[in-house]
Amino acid sequence: MDASRIATAQACLDGAESGAMTFPQIVERLMAEGFESYAVDFRRACATYYRPDGDSVVLSTHRDDTPIAPSLDTAAVQAAIREAQGMVAGYTYVGFCKKVRAAGCAGYMVSFSGRRAVYFGRTAETHVELFPIQAP
C-alpha cells in the first residue's frame with residue numbers, strides 16, 4: 001500500500017483515539033482514499049484497513065487491560081454505540097472500547113458499502129449496527 005494511504009489510515013486511527021475525529025469524519029476520509037472497510041481486533045490491539053483490490057494495512061491500536069467478557073452482551077454494546085452516536089458528554093473512543101470489551105466484544109468490522117458495523121464476541125456472537133453514510 002502506498003505511503004499516502006497508510007498515512008490516511010493512521011491519521012483516522014489517531015483521530016479516533018485522540019477524539020479529534022468523529023466516526024462519520026473517519027468514514028468519509030477513508031472512503032475518499034478508496035478504502036472499503038476496516039476491522040478492529042481488541043485481542044491483538046490492531047486495526048486493519050482494506051481496499052477493494054485486496055491491499056490492506058495493519059496498524060497498532062491503543063492497548064487496554066479491560067478483560068473481554070466471555071459472552072457478548074448486545075444490550076451493553078448497543079448502549080455504548082448509542083452514547084457514541086449521541087456524542088454524550090464525556091464520550092471518548094477509548095472509553096467506548098473499554099465498555100464494549102467489558103460487554104464481551106472481541107472486535108468489530110465496519111463495511112462502508114454494506115453500511116454496517118458488525119461487533120463480534122469471543123464465541124462469534126454478533127451484533128449488526130446499520131448506519132447511514134454518503135458517498136464522498
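Thr8, Ala9, Ala11, Cys12 and Ala16 in helix α1 meet Ile26, Arg29 and Leu30 in helix α2. Contact here means heavy atoms within 4.5 Å. This is a predicted model: local features need pLDDT of at least 70, side-chain atom pairs count only at pLDDT 80 or more, and totals for chains, interfaces and linings use all residues. Residues are numbered from 1 along each chain as its sequence is written, and side-chain values use heavy atoms, with hydrogens and water left out.

**The helix pair**

- Helix α1 covers residues 3–18 and helix α2 covers residues 23–32. Helices (H or I, at least four residues) and strands (E, at least two) are DSSP runs, numbered from the N terminus.
- The two helices pack at an angle of about 180°, with their axes 10 Å apart. Axes are lines fitted to C-alpha atoms, for helices over the stretch in contact, and angles run from 0 to 180 degrees between N-to-C directions.
- α1 and α2 are therefore roughly antiparallel to each other. That term applies to angles over 145 degrees; under 35 counts as roughly parallel, 65 to 115 as roughly perpendicular and the rest as oblique.
- The residues of the contact of α1 with α2 divide into six nonpolar, one polar and one charged. Ala, Val, Leu, Ile, Met, Phe, Trp, Tyr, Cys and Pro count as nonpolar, Asp, Glu, Lys and Arg as charged, and the others, Gly among them, as polar.

**The two sides of α2**

- Ile26, Val27, Leu30 and Met31 are the buried residues of α2. Buried means under 20% relative accessible area, exposed over 50%, partly exposed in between (1.4 Å probe, protein chains only).
- These residues cover an arc of only 125° around the axis, which puts them on the same side of α2. The arc is that of the directions from the helix axis to the C-beta atoms.
- The buried residues of α2 pack against α1, β1 and β2.
- Pro24, Glu28 and Ala32 are exposed on the other side of α2.
- Gly34 follows α2 and has a positive phi, near 90°.

**The sheet**

- Six strands form an open sheet in the order β3-β2-β1-β4-β5-β6, with antiparallel pairing. Two strands pair if DSSP finds at least two bridges between them.
- β3 (56–60) and β6 (126–130) are the edge strands, and each pairs on one side only.
- Neighbouring strands of this sheet are turned by 15° against each other on average, direction ignored.
- α1 packs on the sheet and touches β2 (46–50) and β3. The direction of α1 makes about 40° with that of β3.
- β1 pairs with β4 (residues 105–111) in the antiparallel sense, over five bridges. Val40 has Tyr108 in β4 as its bridge partner.

**Ser37 in β1**

- Ser37 lies in strand β1, which covers residues 37–41.
- Ser37 is buried, with a relative accessible area of 6%.
- Leaving aside neighbours within four places in sequence, Ser37 is in contact with Thr48, Tyr49, Tyr50, Met109, Val110, Ser111 and Phe112.

**Two loop residues with positive phi**

- Arg115 is found in the loop between β4 and β5 (116–121). Its phi is near 55°, a positive value in a residue other than glycine. Arg115 is partly exposed, with a relative accessible area of 39%.
- Ala124 sits in the loop between β5 and β6. Its phi is near 75°, again a positive value in a residue other than glycine. Ala124 is exposed, with a relative accessible area of 59%.
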